[in-house]
Amino acid sequence: MSVWTTTSPDSAAIPAVRPLRAPTGATSAGTGSPGHHLDEVVRAHLPGLLRYATVLTGDGHTAADLVQEVLLRAHVRWTRIGLLERPDLYLRRMVTNEHLSWRRRWHVRTVHPSSDDVLAAHADPARDHAHRVVEDDAMWRRLSELPPRQRTVLVLRYYEGLADPEIAQVLGTSAATVRSHASRALATLRVADLTTES
């Protein structure tokens with residue numbers, strides 16, 4: 001069972017997952033068959049799913065909505081999903097597909113910047129937080145200009161640390177296609193860097 005709570009006024013609601021007590025001899029809530037239990041998978045991978053969705057969407061509140069929608073859909077189909085070897089990769093694939101679907105429905109997205117206090121709380125105290133904000137903002141602008149699949153490949157590879165075969169599984173494509181997307185995306189970013197410096 002998920003209970004949505006807000007940790008601070010400026011943060012999105014994040015689900016706290018509490019396991020349901022199953023009757024003696026019954027399987028864990030969310031599954032009707034052997035395999036991975038929904039509560040266990042969500043407990044282990046929810047922070048990563050929210051991080052991934054936040055980088056894709058550029059907004060923590062939108063990311064929380066997107067992940068919530070995905071988990072609701074996954075709950076309905078968990079009897080099948082729970083039997084997969086890596087259900088967490090399937091959930092990432094669902095997040096990716098939901099994000100791409102949202103982009104098709106909403107051509108213009110509004111990103112609400114965080115307040116200075118929130119940014120300062122997450123800054124490295126050893127260096128000027130403004131420098132990091134400028135770097136992050138520049139990187140996000142460059143990533144947002146990439147085609148959605150190229151951006152997704154870079155996020156999964158460099159931010160989430162997945163290998164190309166795992167990324168291919170998330171995107172429902174081949175590892176060769178993943179490498180092609182990554183190569184094109186990095187080439188575009190390099191050109192952007194050269195343009196900025198000149």
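Helix H7 and helix H8 (residues 164-171) pack at an angle of about 135°, with their axes 10 Å apart. Axes here are lines fitted to C-alpha atoms, for helices over the stretch in contact, and angles run from 0 to 180 degrees between N-to-C directions. H7 and H8 are therefore oblique to each other; angles under 35 degrees count as roughly parallel, over 145 as roughly antiparallel, 65 to 115 as roughly perpendicular and the rest as oblique. H7 passes H8 in a right-handed crossing, a term used if the near helix is turned clockwise from the far one by less than a right angle, with anticlockwise giving left-handed.

The model is predicted, so that local features need pLDDT of at least 70 and side-chain atom pairs count only at pLDDT 80 or more, while totals for chains, interfaces and linings use all residues. Residues are numbered from 1 along each chain as its sequence is written, and side-chain values use heavy atoms, with hydrogens and water left out.

**The chain as a whole**

The protein chain has 9 helices and 2 strands, which are DSSP runs numbered from the N terminus (helices H or I, at least four residues; strands E, at least two). Along the sequence their pattern is β-β-α-α-α-α-α-α-α-α-α. Of the 198 residues, 35% count as buried, that is, under 20% relative accessible area, with exposed meaning over 50% and partly exposed in between (1.4 Å probe, protein chains only). Among contacts (heavy atoms within 4.5 Å) with a separation of 6 or more, 58% join residues 24 or more positions apart.

**Helix pairs**

In the pairing of H7 with H8, Arg149, Thr152, Val153, Leu156 and Arg157 of H7 meet Asp164, Ile167, Val170 and Leu171 of H8. This contact comprises 5 nonpolar, 1 polar and 3 charged residues. Ala, Val, Leu, Ile, Met, Phe, Trp, Tyr, Cys and Pro count as nonpolar, Asp, Glu, Lys and Arg as charged, and the others, Gly among them, as polar.

H7 also packs against H1. The axes of H1 and H7 come within 10 Å and cross at roughly 140°, and the two helices are therefore oblique to each other. The crossing of H1 past H7 is right-handed. Arg51, Tyr52, Val55 and Leu56 of H1 make the contact with Arg151, Thr152, Val155, Leu156 and Tyr159 of H7.

The crossing of H1 and H2 is right-handed. Among the residues that meet are Leu38, Val42 and Leu46 in H1 and Gly60, Thr62 and Ala63 in H2.

The classes of the residues in each contact are set out below.

| Helix pair | Residues by class |
|---|---|
| H1 and H2 | 11 nonpolar, 5 polar, no charged residues |
| H1 and H7 | 6 nonpolar, 1 polar, 2 charged residues |
| H7 and H8 | 5 nonpolar, 1 polar, 3 charged residues |

**Gln150 in H7**

Gln150 is found in helix H7 (residues 148-159). Gln150 is buried, with a relative accessible area of 10%. Leaving aside neighbours within four places in sequence, Gln150 is in contact with His181, Arg184 and Ala185. Gln150 and His181 stand 31 residues apart in sequence and 5.0 Å apart in space, C-alpha to C-alpha. As for Ala185, its backbone nitrogen lies 3.5 Å from a polar atom of the side chain of Gln150.

Methods: A polar contact is a pair of N or O atoms within 3.5 Å; within protein, one must be able to donate a hydrogen and the other to accept it, and residues adjacent in sequence count only if both atoms are side-chain atoms.
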